[in-house]
Amino acid sequence: MLPILKSVSLAFGLIHHALPTTVNEIDHAKTCASLVHLPIENTTVLSATHITRPSNIATPGSCQSQALVSSSLCRVQLVINTTSSSAVHAEAWLPDIWYGRFLGLGNGGLGGCIDYSNLDYGTSLHFASIASDNGHDGTDIDGTKFLNHPEVLNDFAFRAVHVEAVIGKQLVKSYYGRIHHKSYYLGCSTGGRQGTQAALKFPDDFDGIVAGSPATDWNHLQGWTAMLGRRVGAPHPTGNSKFIPVDLWNTIAAEVLRQCDALDGIEDGIITEPDECEFRPEAIQCTEGQTTGCVSSAQVDALREIYQPLFGLEGELLYPRYDPGAEADGNSQEFFSGSISSFPEGWFRFAVLNDSMYNFENFGLNTIALGDSINPGGIATFSGNLSAFQARGGKFITYHGRRDQLIGSGNSKRMYNLISQTLAMPSLDDFYRLFLIPGMNHCGGGPGATAFGQGGLESNVVNTSSHNVLLAIVDWVEKGVGPDNVIGTGTAGQTRVHCRYPQRSVWNGASFVCEL
Ligand code: CA
């Protein structure tokens, strides 16, 4: 039996940011510890410990050994049995100073890593926050846990975030003595796909969702990624005339910038709109006798293919192209190392083909079509039917870096247009806003103004809703004011306005402005 909490001193208002709710006059340690006895269906609370800030805690699993806790909170470790053959491990961090908001968090890659960085970030902004291992323990480069485990796949494809929302909210209610006021979600990459999946499949789970650089159209993303490797001869890196050594990518990246940097009106190392960049690799093709700092005709062919969209067996678009500019900084080596990237390698071997020895020499459009037909766990996450989420008043913010080296940013435009067509809404401003971030890599980093509150790893973030997408989604849900744009900050402290699609980012001679 849980002790009955004294009633909290504040009836949480509809719109207040600044009025904190604390667990009133309770012994945090004692109340927190009592959660281990909490009866929740299919769930075991493994531990519940109050932590006083700041603290470094030991973490379970293979992903990392410790994590920072910078706010005083009740840390709850739990396991949720999703079926007889699958389970989700999760942690709920319940801050002493709580503003009445719930925050679910996502994952990355094929991984099963609890997102400790964003647990700390969420609780530092006074959200009761929960993150899970996505149904399996392991880092981003793993895929073996899926082999012959369809329920583990289901956790990964759609269920882990749902159960963390359902069970997490029960923990919140028990600890604070009342239910949350509003619920939010924050994630990027696979986490962006999970947030999109939540809006599609479980539209009541979250009032506001921030889904960054989303790995939507998952099956085609994996197929496209494998095909990018095939363009340069993977899985055979050497003795292949199409292969592009890492040093040569620096030459290519410099040539991409030379051809396309100024298209936006200013040579600043950033290609604002990569879709306007018609990169011509012929410009650096080797002349007779030239052997360095240039590409062969076979490499020119490979580059032409890399910067084209991927089309399927019937000529249909499978996936937008690799963004010119994304090849910079050596990031391209995930795809162009001469090996198949670990993500499609793990996915196709262990989730699609159930063949741990599958040889990617045979990989092609037929394999992608097979992945489509199987669609393990319904993971595709490429539907425009967000009508239920829209109808219940849900708000959705998504963003995508324009030099994302792992997920083509064109796919987020494509997703926007799919939703627009499906719902017959020319503009989705009412509930869904996409911000394209020039000069940003996958989820963050790069030469642009790439920090805007999208996660706990970003520095230089200004914690106001104009500069922080997590605070912006709160304002949208609770005050009805959606963000017209998002102001990012770069590593040198520079700022830039990021425009919401389909507005364009236009250089006016002094700064970038957003225009339709
Ligand atoms: Ca530029």
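Glu-273, Asp-275, Arg-402 and Lys-413 are joined in a network of salt bridges, a salt bridge being a side-chain nitrogen of Lys or Arg within 4 Å of a carboxyl oxygen of Asp or Glu. Before going further, note that this is a predicted model: local features need pLDDT of at least 70, side-chain atom pairs count only at pLDDT 80 or more, and totals for chains, interfaces and linings use all residues. Residues are numbered from 1 along each chain as its sequence is written, and side-chain values use heavy atoms, with hydrogens and water left out.

Helices here are DSSP runs (H or I, at least four residues), as are strands (E, at least two), numbered from the N terminus. Lys-413 has a relative accessible area of 13%, so it counts as buried (buried means under 20% relative accessible area, exposed over 50%, partly exposed in between, with a 1.4 Å probe and protein chains only).

In total, the count comes to 20 salt bridges. Another one pairs Glu-276 with Arg-504, their closest N and O atoms being 2.8 Å apart. Because Glu-276 sits in the loop between H6 and H7 and Arg-504 in strand S18 (residues 504–507), this pair ties together parts 228 residues apart in sequence. Glu-276, at 39% relative accessible area, is partly exposed, and Arg-504, at 46%, is partly exposed too. The side chains of Arg-304 and Glu-282 also form a salt bridge, at 2.7 Å, N to O. Here Arg-304 belongs to helix H7 and Glu-282 to the loop between H6 and H7, so the parts tied together are 22 residues apart in sequence.

Which residues hold the calcium ion? Its protein donors are Asp-261 (O), Asp-261 (OD), Asp-264 (OD), Asp-264 (OD), Ile-266 (O), Asp-268 (OD) and Ile-270 (O), at 2.4 to 2.5 Å. Donors are N, O and S atoms within 2.8 Å of the metal (3.2 Å for Na, K and Ca), and since water is not among the atoms, sites may look incomplete. Along the sequence the donor residues follow the spacing D-x2-D-x1-I-x1-D-x1-I. Asp-264 is buried at 14% relative accessibility, while Ile-266, at 24%, is partly exposed.

Now for a helix. H5 (residues 218–231) has 14 residues and reaches 20 Å from its first C-alpha to its last, close to the 20 Å expected at 1.5 Å a residue; the expected span is 1.5 Å times one less than the number of residues. Of its 14 residues, 13 are buried. After H5 comes Gly-233, with a positive phi near 100°.

Grid points are joined across faces, edges and corners, and a volume is the space filled by probe spheres set on the points. The largest cavity holds about 50 Å³, and H3 gives the largest share of its lining, seven residues.

Note on methods
1 Å grid on protein atoms, 1.4 Å probe; cavity = no way out; pocket = protein on both sides within 12 Å on 5 of 7 lines; lining within 4 Å.
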